[in-house]
Amino acid sequence: MEGITIKKVKTGEEKHSSDWGFILENSMPQETPAPKVYYVDIPGRHGKLDLTEDLCGLRFNGRHIPICLGGMKEKSSWPDAYSKFLNAYHGQKVEITLDVDPEWYYRGRFLVKGSLERVARLGKLECELDAEPFKYRKVSTLEPWKWDPFSFVDGIIRNYGDIAVDGNLEFRVVGDEHNVEFEILLLSGEVSVSFRGVEHPLKPGRNVFYDYGLNKGDNWLTFTGSGHVAIDYKEVSL
């Protein structure tokens with residue numbers, strides 16, 4: 001039987017739906033995220049001017065993912081089981097991984113919709129994930145590269161966990177289909193980074209670049225100084 005793993009973002013606590021006695025009754029996800037479109041109506045011009053991808057690249061709204069969980073319990077145990085599940089997850093920020101798609105997770109706010117539907121010992125919970133537009137690959141660029149989940153058809157090795165800088169270093173970061181932000185960690189020393197012609201001194205710890213998403217393919221960063229840095233970036237997909 002298929003199920004899901006639910007991980008609380010705040011505490012890191014992780015449980016499988018089977019730990020609650022539930023199976024996944026739908027295939028989820030079923031809704032695609034709508035693109036954020038921007039049109040300008042110019043007098044005297046046919047149609048509208050589409051600037052959707054000209055400002056910050058293509059961006060998406062969030063999406064709602066339905067989650068239907070079912071199970072069988074003694075009639076007398078359902079009220080307590082329902083309350084415990086509500087207390088654990090209703091309104092919580094979570095990451096959800098499908099059994100059939102174990103290398104990726106969806107992130108969002110978990111909601112239990114309505115009341116428990118019950119017929120004799122059978123029960124059903126209609127839930128929803130108010131999710132971010134993308135699913136995220138579990139392995140980040142900070143982690144050591146692994147053979148097992150790697151795809152030899154279209155996989156890309158991204159091992160950016162400890163980069164030594166001594167002078168000037170041109171470093172290639174491979175972006176995927178979607179333009180996403182990345183973070184640079186200054187692990188030690190004094191280092192600055194240049195990206196798309198703009199130089200940024202790095203402060204100790206995490207440096208977030210909200211205005212500079214990675215494009216598909218090669219993205220070149222120039223590090224200057226002496227020290228060690230790391231690039232934190234997770235592959236995303238619709």
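Strands (E, at least two residues) and helices (H or I, at least four) are DSSP runs, numbered from the N terminus.

**Ground rules.** I am working with a predicted model, where local features need pLDDT of at least 70, side-chain atom pairs count only at pLDDT 80 or more, and totals for chains, interfaces and linings use all residues. Residues are numbered from 1 along each chain as its sequence is written, and side-chain values use heavy atoms, with hydrogens and water left out.

**Entry on strand β1.** I checked burial (buried means under 20% relative accessible area, exposed over 50%, partly exposed in between, with a 1.4 Å probe and protein chains only). Thr-5 is buried, at a relative accessible area of 17%. Strand β1 covers residues 4-8, and four of these five residues are buried, so the rest of the structure largely encloses the strand.

I listed the contacts of Thr-5 next (contact means heavy atoms within 4.5 Å). Apart from neighbours within four places in sequence, Thr-5 touches Glu-14, Lys-15, His-16, Glu-95, Ile-96 and Thr-97.

Then I looked up pairing, which requires that DSSP finds at least two bridges between two strands. Which strands does β1 run antiparallel to? One is β7 (residues 93-98), joined to β1 by five bridges. There, Ile-4 stands opposite Leu-98. Another is β2 (residues 14-16), joined to β1 by three bridges. Ile-6 has Lys-15 of β2 as its bridge partner. I also noted the hairpin of β1 and β2: five residues lie between the strands, and Gly-12 takes a positive phi near 80°.

**Entry on cysteines.** I counted disulfides (a pair of cysteine sulfur atoms within 2.5 Å). The count is zero. Cys-68 is in no disulfide, and the nearest cysteine sulfur, that of Cys-127, is 7.9 Å away. Cys-68 is buried at 9% relative accessibility, and Cys-127 is buried at 2%.

**Entry on salt bridges.** My criterion was a side-chain nitrogen of Lys or Arg within 4 Å of a carboxyl oxygen of Asp or Glu. I found 12 salt bridges in the structure. One of them joins Lys-135 and Asp-101 at 2.8 Å, N to O. Lys-135 is in strand β9 and Asp-101 in strand β8 (residues 101-119), so this pair ties together parts 34 residues apart in sequence. Both Lys-135 and Asp-101 are buried.

I also looked up Glu-183 and Arg-206, whose side chains meet at 2.3 Å, N to O. Glu-183 belongs to β11 and Arg-206 to β13 (residues 205-214), so parts 23 residues apart in sequence are tied together. Glu-183 is partly exposed at 22%, as is Arg-206 at 41%.

Arg-196 has a positive phi of about 55° although it is not a glycine. I placed Arg-196 in the loop between β11 (180-195) and β12 (198-201), and its 42% relative accessibility counts as partly exposed. Last, I looked up Lys-84 in helix α1 (residues 78-89). Lys-84 is 76 residues from Tyr-160 in sequence and 41 Å away in space, C-alpha to C-alpha.
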